[in-house]
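Trainee: Before I use these structural terms in my own notes, could we go through them one at a time, so that I see which value stands behind each word?

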Amino acid sequence: MKNIIKTPVKLQKGKTAKWLRSFSIKTAALAGILMLASCETDLDKINENPNDKATVDPKVLLTYVSDNAFQVNGDNMYASRMMIGTDGENTYQYMKWNDASFDVYTTGLLNTVKMMQEAEKINNKNYAAIGKFYRAYYFFNLSLKLGSIPYTEAAKGESGITQPKYDTQETVMAGILSELKEANDLINTNDKIEGDIIYNGDALKWKKLINSFRLKILITMSKKATLGSYNVAAEFASVANSQSLMTSISDNGELKFADAADSRYTTFNSSGYGSSLYMADYFINLFKARQDPRLFTFAAQTTGAKEAGKPLTDFTGYNGGNPTSPYSDNAALITAKNISKVNDRFYKDPTNEPSSVLSYSELEFILAEGAARGWISGSAKTHYDNAIKASFSFYQTYVKNPGQYFSGFDVNQYLATPLVVYSDAAPLETRLEKIMTQKYMTMFHQSQWTSYYDYLRTGYPNYPLQAGVTAPLRFRYPQAEYNYNSNNLKAALAAQYGGNDNIRSKPWWLQ
């Protein structure tokens, strides 16, 4: 039997050992609730469980959901041409992935719904607001992976809905925008937020994240003029001009790690990172061409460069493998001592950098794109420059011993270099390419699949692909849905893709 329960862990700095002990005891006692351990994760089985009426403190559920949502997702690093594998064919690197999973309905959404129910019992609006954020977050990401998904009838097993219908992608995106709008109205400074490992109970920071995430959804839907009753550009302008948004890296929607059991960085002690994961040349070369020292925080020197005694800040000491070449060709670069591994901090540093689902830097890139498209007034260049400055600030803050990488670096000089400088007078495509390339350069082990989705909707940056291979546009639906919810699934497939569940079938958001 697969045990889907995972102990909620990541504790923000400042949490006490007493709280950790108390939380661990409560977690063990509530293992049957967090979340419905089962041999299967198909949606109708997930929705069954009408008998579990236990009362749970919402702070426990908040910790669990936050830990689950904010982990690093390494698969995107292959798909987005940042890393390569050398010990076998990685399906993400070679654009051959297949099924997605509906596990999020179990590990995330049911816990979120339970948290909101428990918050209602104690009349705490902040847990309800944060619950709406997590619902939006989970549904947004799942719909981007697949297309239509169960939304309006999802996680309603207690109401007897065990085979939920699928909602269109437009219904999902419009619905979660409304949920985030409601969340913004609910969040307040009166109701306490305990168990908060993201913002340590700061309601204003949650408000900023909620509104910033509204902009993320809207910019991701840039190919669409409307989402239900929402005009995409007008709603973007309304939120950007009138709502609280992130203003510095201290507002980042991120999880900080701790050097304690089950609280360490997601890839800490990963055997794959220690042995067979290397950098892709496409990603490395963007930094080398711009003399960008963030490269030194992502990649390790080649063995040849180390043996030659080259300084860490010598760009010639870094080289990547071709993500489109056979893995055996890249393995040969290891023998030649001419390929960079992933910087060992990603598997040797138990705390490392925080993991974000939305950072201030990303928000500024979103605003830059919105300004470039004419959705908001003002200078896109200002937002673009702010985004890059925020990225450097993040790495100079969280990477250990930053002086060894950034000594003598001047970000204002960097912003004036030819490959980086942004002009509001340039053609739109030129401006979008600048924005998306720099945004991509900030997302190594950050923001999960955002860089890949940006590529799908804008074409930037221009990923290298194998001859005759196009980039997948989605994942296939999980086999369990064919087994247990086939009628609703087949209806959704027919409506979207003519019944063809193919990874290169174009979903609504890209049409």
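Trainee: What makes helix H3 and helix H5 roughly antiparallel to each other?

Mentor: In this predicted model, the axes of H3, residues 58–69, and H5, residues 103–121, come within 9 Å and cross at roughly 155°. Angles over 145 degrees count as roughly antiparallel, and H3 and H5 are therefore given that description. The crossing of H3 and H5 is also left-handed.

Trainee: Which residues of H3 and H5 meet?

Mentor: From H3 the list is Pro58, Leu61, Leu62, Tyr64, Val65 and Asn68, and these meet Thr107, Gly108, Asn111, Thr112, Lys114, Met115, Glu118 and Ala119 of H5. Sorted by class, the contact of H3 with H5 has seven nonpolar, five polar and two charged residues.

Trainee: Which residues make the contact of H8 with H16, and how many of them are nonpolar, polar and charged?

Mentor: H8 contributes Ser212, Leu215, Lys216 and Ile219, while H16 contributes Glu362, Leu363, Ile366, Leu367, Glu369 and Gly370. By class, this contact has five nonpolar, two polar and three charged residues.

Trainee: Why does glutamine 169 count as buried?

Mentor: Buried means under 20% relative accessible area, and glutamine 169, at 2% relative accessibility, therefore counts as buried. Glutamine 169 lies in helix H7, which spans residues 169–186. Leaving aside residues up to four places away in sequence, glutamine 169 touches Ser143, Leu144, Gly147, Ser148, Pro507, Trp508 and Trp509.

Trainee: What does the side chain of glutamine 169 reach, and at what distance?

Mentor: The side chain of glutamine 169 reaches the backbone nitrogen of tryptophan 509 at 3.0 Å, and the cut-off for a polar contact is a pair of N or O atoms within 3.5 Å.

Trainee: What about glutamine 448: why does this residue count as buried?

Mentor: The relative accessibility of glutamine 448 is 16%, so the residue counts as buried, the cut-off being under 20%. Glutamine 448 sits in the loop between helix H20, residues 428–441, and H21. Its phi is near 55°, a positive value in a residue other than glycine.

Trainee: Which value of phi does aspartate 262 have, and where does aspartate 262 lie?

Mentor: Phi of aspartate 262 is near 65°, again positive in a residue that is not glycine. Aspartate 262 belongs to the loop between strand E4, residues 253–255, and helix H10, residues 271–275.

Trainee: Which residues does a cis peptide bond join, and what is omega there?

Mentor: The cis peptide bond joins tyrosine 460 and proline 461, with omega at about -15°. Proline 461 is found in the loop between helix H21, residues 450–458, and helix H22, residues 479–484.

Trainee: And for the protein chain, how many helices and strands are there, and what share of the residues counts as buried?

Mentor: The secondary structure comes to 23 helices and six strands, and 59% of the 511 residues count as buried. Among contacts with a separation of 6 or more, residues 24 or more positions apart account for 76%.

Definitions and conventions
Residues are numbered from 1 along each chain as its sequence is written. This is a predicted model: local features need pLDDT of at least 70, side-chain atom pairs count only at pLDDT 80 or more; totals for chains, interfaces and linings use all residues. Side-chain values use heavy atoms; hydrogens and water are left out. Contact means heavy atoms within 4.5 Å. Helices (H or I, at least four residues) and strands (E, at least two) are DSSP runs, numbered from the N terminus. Ala, Val, Leu, Ile, Met, Phe, Trp, Tyr, Cys and Pro count as nonpolar, Asp, Glu, Lys and Arg as charged, and the others, Gly among them, as polar. Axes are lines fitted to C-alpha atoms, for helices over the stretch in contact, and angles run from 0 to 180 degrees between N-to-C directions. Angles under 35 degrees count as roughly parallel, over 145 as roughly antiparallel, 65 to 115 as roughly perpendicular and the rest as oblique. A crossing is left-handed if the near helix is turned anticlockwise from the far one by less than a right angle, and right-handed if clockwise. Buried means under 20% relative accessible area, exposed over 50%, partly exposed in between (1.4 Å probe, protein chains only). A polar contact is a pair of N or O atoms within 3.5 Å; within protein, one must be able to donate a hydrogen and the other to accept it, and residues adjacent in sequence count only if both atoms are side-chain atoms.
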